[in-house]
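Reader: I am new to this structure, and I would like to learn how to read its features one at a time. Please give me the general idea first and then the case at hand.

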Amino acid sequence: MAEFFQALLRHSFLQHALIAGLLVSISCGIVGTYVVTRRITYLAGGIAHCVLGGMGFARYMQVVHDWQFMTPMLGALIAALLAAFIIGWVNMKAKERIDTVISAFWGLGMAIGILFIAKTPGYGEDLMAYLFGNILLVTSRDLLAIAGLDLFIAGIALLFHKQFVAVCFDEEFARLRGINTQFFYFLMLALTALTVVLMVSIVGIVMVIVMLTLPAAIAGRFCRRMGSMMALATGLCAVLTFCGLGLSYGPDLPAGATIIVLTGIAYLLALCIKKR
């Protein structure tokens, strides 16, 4: 870790990685708490895998048709929001089983992404970056985008916190109290989609579901109030990201995978501690 601290003072890419990890922890702690409490973990996984379709399409248009404005991050954002809306709509209006709908979009998003990436020149390296992420490649521009989305997510969560809590714990009671539960359910899915896009640049599509759910699940074992659960989940995300970066630097391990392993160990340890 001493080597990591010395390098942190010298290398801007490590400073960017640390700032990105801290910024993402905020939205991950907030939205992860909603996801775990509302029990829509696999829905978040479905959205995460649909993101590959958007990224593949954006990269294809950027390289083959010179659409420079269509960055992979923009493609991911559009795909995540579309997937969240369609999955939520099919689940509520068409009364389809949610696991079937999620499975369909999970596979479809991955397949579309792989097809576009396969037709994009020089796809191999990009595919690995999208699937597993690379926090060390985060740029100043990425940090600004992450900070902007972070502020938006935190602002919406703060503004409608009571409505989200009502929808998470007792949707029927919330409806009787006059809360537009459909609107806040879709808004919650949109916030989940935005957080997934943020996390993709840190740990990649494959592992995003772990960071979105496990810190909040750990916090849920020790907190009774949703606010304190969010705060603890945010702190855990920040600490685990920092430790993952530090431990991966010396032996030159993939930072995203190291963060995920640490998170998994923390969750298993939390299971051994008696729940409050």
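Reader: Is Cys 272 buried or exposed, and how does one tell?

Author: The general idea is a set of cut-offs on relative accessible area, with buried meaning under 20%, exposed over 50% and partly exposed in between (1.4 Å probe, protein chains only). Cys 272 counts as exposed because its relative accessibility is 66%, and the residue lies in helix H13, where a helix is a DSSP run (H or I, at least four residues) numbered from the N terminus. The model is a predicted one, in which local features need pLDDT of at least 70, side-chain atom pairs count only at pLDDT 80 or more, and totals for chains, interfaces and linings use all residues. Residues are numbered from 1 along each chain as its sequence is written, and side-chain values use heavy atoms, with hydrogens and water left out.

Reader: What is the mean pLDDT of the protein chain, and which element has the lowest mean?

Author: The term pLDDT stands for the predictor's confidence in each residue, on a scale from 0 to 100. For the protein chain the mean is 83, with 92% of the residues reaching 70 or more. Among the elements, helix H6 (residues 123-132) has the lowest mean, 61, whereas H12 has the highest, 90.

Reader: Which residues of helix H1 are buried, and why do they lie on the same side?

Author: An α-helix has 3.6 residues a turn, so residues three or four places apart point the same way. In helix H1, which spans residues 2-10, the buried residues are Phe 4, Ala 7 and Leu 8. These residues are on the same side of H1 because they cover an arc of only 110 degrees around the axis, the arc being that of the directions from the helix axis to the C-beta atoms. The cover over this buried side includes helix H2 (12-38) and helix H12 (226-249), while the face turned away from it carries the exposed residues Ala 2, Leu 9 and Arg 10. Ala 2 has a relative accessible area of 55%, which is why it is called exposed.

Reader: How many of the residues of helix H11 are buried?

Author: Helix H11 (residues 208-222) has 12 of its 15 residues buried, so it is largely enclosed by the rest of the structure. Among these buried residues of H11 are Met 211, Leu 212, Pro 215, Ala 216 and Arg 221.

Reader: What is Gly 32 in contact with, leaving aside its neighbours within four places in sequence?

Author: Contact means heavy atoms within 4.5 Å, and for Gly 32, with those neighbours left aside, the partners are Ser 27, Leu 212 and Ala 216. Gly 32 sits in helix H2 and counts as buried, its relative accessibility being 0%.

Reader: Which residues form the nonpolar patch on the surface?

Author: A nonpolar patch joins side chains (Val, Leu, Ile, Met, Phe, Trp, Tyr) within 5 Å of residues that have over 30% relative accessible area and no salt bridge. Here the patch consists of Ile 78, Leu 82, Phe 85, Ile 86 and Trp 89, which together have about 480 Å² of accessible area. Phe 85, for one, lies in helix H4 (residues 72-93) and counts as partly exposed at 49% relative accessibility.

Reader: Where do Arg 39 and Asp 252 lie?

Author: Arg 39 lies in the loop between H2 and helix H3 (41-64), and Asp 252 in the loop between H12 and helix H13 (255-272). Although Arg 39 is not a glycine, it has a positive phi of about 60 degrees, and Asp 252, a residue other than glycine, has a positive phi near 60 degrees. Arg 39 is exposed with a relative accessible area of 76%, and Asp 252 is exposed with 66%.

How values were computed:
Helix = DSSP H or I, 4+ residues; strand = E, 2+ residues; numbered from the N terminus. Patch = residues over 30% accessible without salt bridge, like charges linked within 9 Å, V, L, I, M, F, W, Y side chains within 5 Å. Areas by Shrake-Rupley, 256 points an atom, 1.4 Å probe, with all protein chains shown as cover. Salt bridge = Lys/Arg side-chain N within 4 Å of Asp/Glu carboxyl O.
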